[in-house]
Amino acid sequence: MIRLIASDIDGTLIKDSTPDLYPEMEKALKELAGRGIIFCAASGRQYHSIRNVFRNVDEDIVYIAENGAQIRYKEKDIRISPMKREYAEAIVRQVRESYRFCDIVASTPDGSFVESRNKEFLDLLTYGYRNKFTLVDDVLREDVEFVKIAVYQKESILELGEKVLIPKWQDKVKVCISGNEWVDFMDLSVDKGKALAFIQDYFHISKEETMVFGDNDNDIGMMQAAGESYAVETARENVKAAAKYICPSYLEKGVYHTLKDLILTERQYIV
């Protein structure tokens, strides 16, 4: 019996960097809530961006934000995992000095700080992700705890991420590719799978009662924490290998149809 469903957002549930959920999925989420099934939105996005996507069905959603560095439920943070300040500063300085073509977002539990003056990038944060952010001259002057440093390169950051940034930092922080254009850095303890395990414990739900959906490297931990795991058809090959099943991509509303077929129309799954 499935009692908890967790899904990645960008590239899994909806198109990367878009702000809206489609009506069929909103209806499905309301039906799941009515049956007592918990839905968890799990993303590398910040909390405010994720909440905007689910704004019409927000009340019963559990949010895994910043890849698991922030977990929020009913307007309350139930877990925060800040980065070590020395690592956050070193990452920002490295990117500034060596990769000026990249943009940087420094996230806190209550929004982000951005020092970019790249209008196209700022428009992406504002109108695509609907992020809550503050423009500053220097993110490192802010006396705050960072939960994530995100580095953006338009079109693709895969080569820089896989060949340079991940090898350099993987022993000090959790670093992963998110989508095709982001590399995310968090505390070494942070992982979507660990966040999902925390939620399972919080609600007294077992691995066998959990279903997940994902498409990228940062979703593999969730797949390992769930009894039922689905990679969308457009997922990376290593993600498909980690998943128990493959389902259609967001282009075919694969998450919705899987839930409709396996949960909402099957009596044995009803709580």
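Predicted model: local features only at pLDDT ≥ 70, side-chain atom pairs only at ≥ 80, totals over all residues.
Figure 1. Arg130 follows H4 and has a positive phi, near 55°. At the N-terminal end, H4 is capped by Asn118. The cap is formed by a side-chain oxygen of Asn118, which lies 3.1 Å from the backbone nitrogen of Glu120.

**Figure 2. The buried residues of helix H4 and the strands they pack against.** H4 spans residues 119-128, and its buried residues are Phe121, Leu122, Leu124, Leu125 and Gly128. In an α-helix, residues three or four places apart point the same way, because there are 3.6 residues a turn. The strands that pack against the buried residues of H4 are E6 (103-108), E7 (111-114), E8 (133-135), E9 (148-152) and E11 (182-186).

**Figure 3. Asp10 and its surroundings.** Asp10 sits in the loop that runs between strand E1 (4-8) and helix H1 (23-34). Its relative accessible area is 13%, and because the cut-off for buried is under 20%, Asp10 counts as buried. The side chain of Asp10 makes a polar contact of 2.7 Å with the side chain of Arg45. Leaving aside residues up to four places away in sequence, Asp10 touches Lys15, Asp16, Ser17, Thr18, Ser43, Arg45, Tyr129 and Asp215.

**Figure 4. Cysteines Cys40 and Cys176.** The structure holds zero disulfides. Cys40 is in no disulfide, and the nearest cysteine sulfur, that of Cys176, is 16 Å away. For Cys176, the closest cysteine sulfur is in Cys102, at 15 Å, which is too far for a bond; a disulfide would need the two sulfur atoms within 2.5 Å. Both residues are buried: Cys40 has 0% relative accessibility, and Cys176 has 8%.

Figure 5. Among contacts with a separation of 6 or more, 60% are between residues 24 or more positions apart. The accessible surface comes to about 12000 Å², and carbon and sulfur atoms account for 46% of that surface.

Conventions
Residues numbered from 1 in each chain as written. Heavy atoms only, no water. Buried < 20%, exposed > 50% of the residue type's maximum accessible area, 1.4 Å probe, protein only. Helix = DSSP H or I, 4+ residues; strand = E, 2+ residues; numbered from the N terminus. Contact = heavy atoms within 4.5 Å. Polar contact = N/O pair within 3.5 Å; in protein donor to acceptor, adjacent residues only side chain to side chain. Areas by Shrake-Rupley, 256 points an atom, 1.4 Å probe, with all protein chains shown as cover.
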